[in-house]
Amino acid sequence: MTYLVTGGAGFIGANFVKYLLKKYNDIRIVVLDDLTYAGNLGTIKKDLEDSRIIFVKGNIKDAAVVNEIFEKYPVNYVINFAAESHVDRSIENPQIFLETNILGTQNLLDIAKKHWITGKDEKGYPAYKKGVKYLQVSTDEVYGSLGETGFFTEETPLDPRSPYSASKTGADLIVKAYGDTYKMPINITRCSNNYGPYHFPEKLIPLIIKNILEGKQLPVYGDGSNVRDWLYVEDHCKGIDMVVCGGRDGEVYNIGGHNEKKNIEIVRLTLSTIKNLLEENPEYRKALKKEGEDISWINESLITYVTDRLGHDQRYAIDPTKITEELGWYPETKFEEGIVKTIRWYLENQDWVEEVTSGDYQKYYQQMYGNR
Ligand code: NAD
Ligand code: DAU
């Protein structure tokens, strides 16, 4: 099987590449990634030594690049992770979100369709090669924001509220249109907030870890009561793999593990977990950017409430019944274990953090958070 994994140098895409390499022997993975600020070759450096993987630097919007991949390799599955993924950046500069997330998706669909069509069926619809599929990696944010109760199901009306989620919704709709109009074999997965290794430190959990290690303030938007439904990234990868292999054509599958937490709880838990790990294992103190034996300054006084995100969605929560009942998916990593594993990974991989934040990150941080 040949997979085209777009965005495979980003957080979830890279974890998915590692997941595939571990699980399957007889595969080929073509990674297409434009290496934006969020993509880093270092994340998949070791994987690239494996002969099963080929890296192509390029934009998913570029028809020539995508076409060349399809001409060179017999692509069975397109898994589209490539996207502009950060809500705060979409508030500052929406346009690139529409370009990458919507037009890039449409370009991938178009070229895959062209290469996968074998003829026409009796009703005049395109007929496709056997064993091909386009999977769009989407998000629970397309459903909008919940109040205190209820869950997003696949039937929940789409109601995106940020430029990011509007662009992801636009992408979902064009994927659905290719399924409905051209009968292209597609699936859409909509997952809740991921956490784990290789998460870029502009997102809440890795940003908080980084700031603690640097002795900086921990910026909590608004009053910290917003709720996100956290899932360990490997469990998301497992869900995508199950949908690729067993999802019914044209269907949407929500992925989430019933793990709702207020942002302030996440920040407090990250603080206490880091402190425990540093106390348990003095080796980890090498990750601290502040000199000295005393770590009593690692406490809740670092928390700073800052101006709220514009249009900040209050609560996300996924109902995963469909993927559980149809495909047998369930989350394997409990949050209490996953968060410790994640923090340990950051303590042990400061080189990676330094590498990915050496570029335009400092400018972004200054613009978003000032001198804190
Ligand atoms: P990320 O920002 O870490 O990675 C995105 C990757 O896409 C990067 O490697 C980047 O270089 C690449 N990319 C961006 N624009 C590109 C373009 N035009 N052409 C080719 N490559 C391009 O994102 P992530 O957190 O790994 O998210 C991956 C996907 O999963 C996104 O589609 C996102 O919407 C979705 N998603 C993310 C989460 C989450 O919690 N992070 C949850 C649900 C869904
Ligand atoms: O729900 C899935 C989505 O999760 C994905 O589609 C997105 O690609 C992904 O970025 C993520 O979006 P969020 O906006 O939920 O993630 P983020 O880590 O940016 O923020 C999580 C919560 O923490 C949110 O309520 C805003 C808050 N926050 C975030 C940052 C960066 C803070 O309070 N302070 C911060 O500094």
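Hi everyone, let's start with a helix: α12 gives the largest share of the lining of the second largest pocket, five residues. Helices here are DSSP runs of H or I, at least four residues, and strands are runs of E, at least two, numbered from the N terminus.

A quick word on the model. It is predicted, so to speak of a local feature I need pLDDT of at least 70, and side-chain atom pairs count only at pLDDT 80 or more, while totals for chains, interfaces and linings use all residues. Residues are numbered from 1 along each chain as its sequence is written, chains are lettered from A and ligands numbered from 1 in the order in which they are written, and side-chain values use heavy atoms, with hydrogens and water left out.

Back to the pocket. Its lining counts 22 residues, with D88, R89, E92, Y364 and M368 nearest the centre. Two or more lining residues come from each of α3 (87-92), α4 (95-116) and α12 (361-369). By class, ten of the lining residues are nonpolar, three polar and nine charged; Ala, Val, Leu, Ile, Met, Phe, Trp, Tyr, Cys and Pro count as nonpolar, Asp, Glu, Lys and Arg as charged, and the others, Gly among them, as polar. For the record, a pocket is an open set of points on a 1 Å grid over the protein atoms alone, where a 1.4 Å probe fits, with protein on both sides within 12 Å along at least five of seven lines; lining residues have an atom within 4 Å of a point.

Now for some helix packing. Helix α4 packs against α5 (residues 163-182) at an angle of about 20°, their axes 8 Å apart. Axes are lines fitted to C-alpha atoms over the stretch in contact, and angles run from 0 to 180 degrees between N-to-C directions. That makes α4 roughly parallel to α5; the label covers angles under 35 degrees, with over 145 roughly antiparallel, 65 to 115 roughly perpendicular and the rest oblique. In contact, meaning heavy atoms within 4.5 Å, α4 brings residues including F97, L98 and I102, and α5 brings residues including Y164, A171 and I174. That contact has ten nonpolar, five polar and three charged residues.

Next, α6 (residues 204-214) and α10 (residues 335-348): their axes come within 11 Å and cross at roughly 50°. The two helices are therefore oblique to each other. I205, P206, I209 and L213 of α6 meet I339, I343, Y346 and L347 of α10. So who is in that contact, by class? Eight nonpolar residues, no polar and no charged.

Finally, α6 also meets α8 (residues 263-280), with axes coming within 10 Å and crossing at roughly 40°. That makes α6 oblique to α8. Among the residues in this contact are I208 and I212 of α6, and N263 and T270 of α8. The classes here are ten nonpolar, two polar and no charged.
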